[in-house]
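Please examine the structure below.

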Amino acid sequence: MLNTAESLQAVKGELASAKSNVTVEYVDAEQSLSTKFNDYYFDTVTGSQDGYFWKFVDESCPKSSGMGSDDCNVDSYATTCPDEASCDDGASAQCPYDLCRRAAVTRFLGIVEPIGEYGIFVCIFETALMILTCCLICFNPRDAEQTILMKSGNFAADDARAKIKSAV
């Protein structure tokens, strides 16, 4: 997770500093994310546009992209809307993910980074538990033979006390 977060941070920095005509290469996580983003966008653009995804598109994607639910819906499909055929042919300028890439990367980072940090916490916590368990094993003294027999019920407590006194 932290490798994904680190590569997305690099993409976010490159997108912020890149000129409009420069294409920033996808990282591995983005290739999967862009495919799913584009597929979901084109599957729901002329259908039900409610839910978290369309709220994200309307609030986070640039208004200049013209891909919001007001412009692209079953009633009116503006010329500024992403074109599925062009997107499938490799024209990334027509893909919804590329039009909303900065916002999508930022949102994905907001999900991935806390998961990675939680993973580090769990690893440190488990290591501490393992060390403490080993210390506890070394700390506990072994019971005497009489105590073991007494705990199991094979030896009477009075007999055990008598043997302990006679041994001392």
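Q: Why is Cys 135 called partly exposed?
A: Cys 135 has a relative accessible area of 45%; buried means under 20%, exposed over 50%, and partly exposed in between (1.4 Å probe, protein chains only). Cys 135 is therefore partly exposed. This is a predicted model, in which local features need pLDDT of at least 70 and side-chain atom pairs count only at pLDDT 80 or more, while totals for chains, interfaces and linings use all residues. Residues are numbered from 1 along each chain as its sequence is written, and side-chain values use heavy atoms, with hydrogens and water left out.

Q: Why does Cys 123 count as exposed?
A: The relative accessibility of Cys 123 is 52%, so this residue counts as exposed.

Q: What makes Cys 87 and Cys 95 a disulfide?
A: Their sulfur atoms lie 2.1 Å apart, and a disulfide is a pair of cysteine sulfur atoms within 2.5 Å. The torsion about the S-S bond is about 110°, so the link is right-handed.

Q: Why is Cys 87 called buried?
A: Cys 87 has a relative accessible area of 10%, so it is buried. Cys 95, at 5%, is therefore buried as well.

Q: Which other cysteines form a disulfide?
A: Cys 61 and Cys 100 do, with sulfur atoms 1.7 Å apart. This pair links distant parts of the chain, 39 residues apart. Their link is left-handed, with -85° about the S-S bond.

Q: Why does Asp 83 count as partly exposed?
A: Asp 83 has 33% relative accessibility and therefore counts as partly exposed.

Definitions and conventions: Helix = DSSP H or I, 4+ residues; strand = E, 2+ residues; numbered from the N terminus.
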